[in-house]
Amino acid sequence: MVQELVLEVDNVSKNFPGVQALKNITFSLYAGEVHCIVGENGAGKTTFIKILSGALVPDEGTIKVFGKTYRTIHPSLAITLGIQTVYQESVLVNSLSVAENIFLGHEEIARWGLFSRSKTMERAGEIISRFGVALSPGELVENLSNAEKQIVGILKALSQEARVLILDEPTAALSAVEKATLFKVLRQAEEREVAIIYISHHLEEVFEIGDRITVLKDGKKVATHEVEKVNQDTLIREMVGRPAELFYVRGRLPSQERDDGREVLEVHNLRGVMVKNVSFQVFSGEIFGIGGMVGSGRTELLRLLFGLDPREGGELLLNGRNIIPRSPLEAIARGICLITEDRQKTGLILSRSVRENTVLATINLTRREWLNLEIEGEKVEKIVGQLQIVTPHIDQEVMYLSGGNQQKVVLAKWLLTRGKIYLFDEPTRGIDVGAKEEIYRLMVKLAEDGKFVIMVSSDMPELIALSDRVGVMCDGEMVAILNKEEASEENILSCALGRKMNDED
Ligand SMILES: Nc1ncnc2c1ncn2[C@@H]1O[C@H](COP(=O)(O)OP(=O)(O)OP(=O)(O)O)[C@@H](O)[C@H]1O
Ligand SMILES: [Mg+2]
């Protein structure tokens, strides 16, 4: 069977001030294939798909869609050509139903008469069942989980006669079970001859869903492989330029003895809107992992510990003394750092430079120190190098960095502060394989320096490799605390799905 060539990109380049984001890219896409794009943070992946969806104009090169050649693609042309892009942050309207969101902005609605609610529900119901998803068309989007919202976003794209579906890191906010649903929808789309471009930092996903894989490095195409003819090691070497460990192995584990005079941090009966009576202990020098489904209350738990959300009760005891903060300012003063998952909203000032963002949290608020950006520069340069942050210089505004590099700046900021308690929420979301290693090393270093490290992660290999113990949350409760031997993917998942496990066995 001859596959239909949907898209042919020839010699496309794109420059930003100080950065050649793409250089002479060639790329092809066939109907019914999943073509994955991998590469380090800043390699040019998002820039490339923005050119295909009309969000950016290339400096040179051409794009041929269904045999017709274009120099640039405008957003409306992209839609006409059937090119649909689903970005990471969904653009759904919370106060409308699933069905209304799917058809919002389609001309079909007008054709059926604007308020034909029953028709909208019926059509949405058809699409939902066609793709085999468990969603009710009448449900309000605000009641959906992040994963379900993502699925609605994809159904919306597919319902508009999509011939090309572009996904930029779609699983970043999804747990294992939710990912399975997403893949099911994508396979359905594939069978319907939709061509899919799929960007991900998770190589195991790429091998699971992909037909071909293109590797970008520093804005250049390194290779395009058929998935059966390549392995992870080769891909990593092409992406990173050196071999890297896929599964990080922690060197030295701190002793498991608990009565050796180590400091202890105790979360005691903590309660909040989404958190029900959570209690656990962390010893200094330990990395305490928290697993669970998206929406199980893990992020809320960290927010309570940082004084961000209203607390209904409970304590945080450091060596027996209650230090629970009433505000983030108090938290910082007490040495508590929260490294958030949502970098753009809570972690960065996008219009300020890498340098300013990085030193922000080291300003000592109580001592009224002046910020000396010159002296701080050396420290910033060092951590920028360690985390391989791709930026033309440290005075570049953070908004011009790629997604993963922004995340690294958030990490850099907190790694430079002298905290005592580090709360990491999905520390390596959106970060490439090479830089992950360095972040793990820095986290282990914090633990070895006697800090308390608490880490929420949906990345199973990461959770298992890095944690000394893993607490698993389900529905706002901590349903199990697993030690190193018990913390297998299977155990964590079964606890996360609500099967309680006794700490003792
Ligand atoms: N508007 C812009 N102005 C200046 N530089 C930019 C702009 N957009 C992107 N860049 C730069 O272009 C390069 C490629 O960025 P891009 O976002 O395409 O990377 P990416 O491969 O998607 O990385 P990530 O995995 O981190 O998302 C980066 O060095 C980035 O800083
Ligand atoms: Mg990107």
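Modeller: Before we start on this predicted model, one cut-off: a residue is near a molecule if its C-beta atom, placed from the backbone, lies within 6 Å of it.

Biologist: Happy with that. Which residues come nearest to ligand 1?

Modeller: Phe16, Asn41, Thr46, Ser402 and Gly404 do, out of 18 residues around ligand 1. Strand E2 (19–30), helix H1 (45–53) and helix H15 (403–415) each give two or more residues to that shell. By class, the shell has seven nonpolar residues, 10 polar and one charged.

Biologist: How do you know where ligand 1 lies relative to domain 1 (5–240) and domain 3 (343–418)?

Modeller: Both domains give residues to the shell, so ligand 1 lies between them.

Biologist: What makes you call H1 largely enclosed by the rest of the structure?

Modeller: A residue counts as buried if 20 or more other C-beta atoms lie within 10 Å of its own. Eight of the nine residues of H1 pass that test, so the helix is largely enclosed. The buried ones are Lys45, Thr46, Thr47, Phe48, Ile49, Ile51, Leu52 and Ser53. After H1 comes Gly54, with a positive phi near 90 degrees.

Biologist: And why is the largest nonpolar core said to lie between domain 2 (264–335 + 420–428 + 453–505) and domain 3 (343–418)?

Modeller: That core has 71 residues, and Ile339, Tyr422, Leu423, Val453, Ile454 and Val472 touch the most other members. Domain 2 and domain 3 both contribute residues, so the core lies between them. Another core, of 70 residues, lies apart from it and includes Ala43, Leu81, Leu165 and Leu216.

Methods
Residues numbered from 1 in each chain as written. Chains lettered and ligands numbered in written order. Predicted model: local features only at pLDDT ≥ 70, side-chain atom pairs only at ≥ 80, totals over all residues. Core = buried A, V, L, I, M, F, W, Y, C linked by C-beta atoms within 7 Å. Buried ≥ 20, exposed ≤ 12 C-beta atoms within 10 Å, placed from the backbone. Domains from an automatic or database assignment. Helix = DSSP H or I, 4+ residues; strand = E, 2+ residues; numbered from the N terminus. Nonpolar A, V, L, I, M, F, W, Y, C, P; charged D, E, K, R; others polar.
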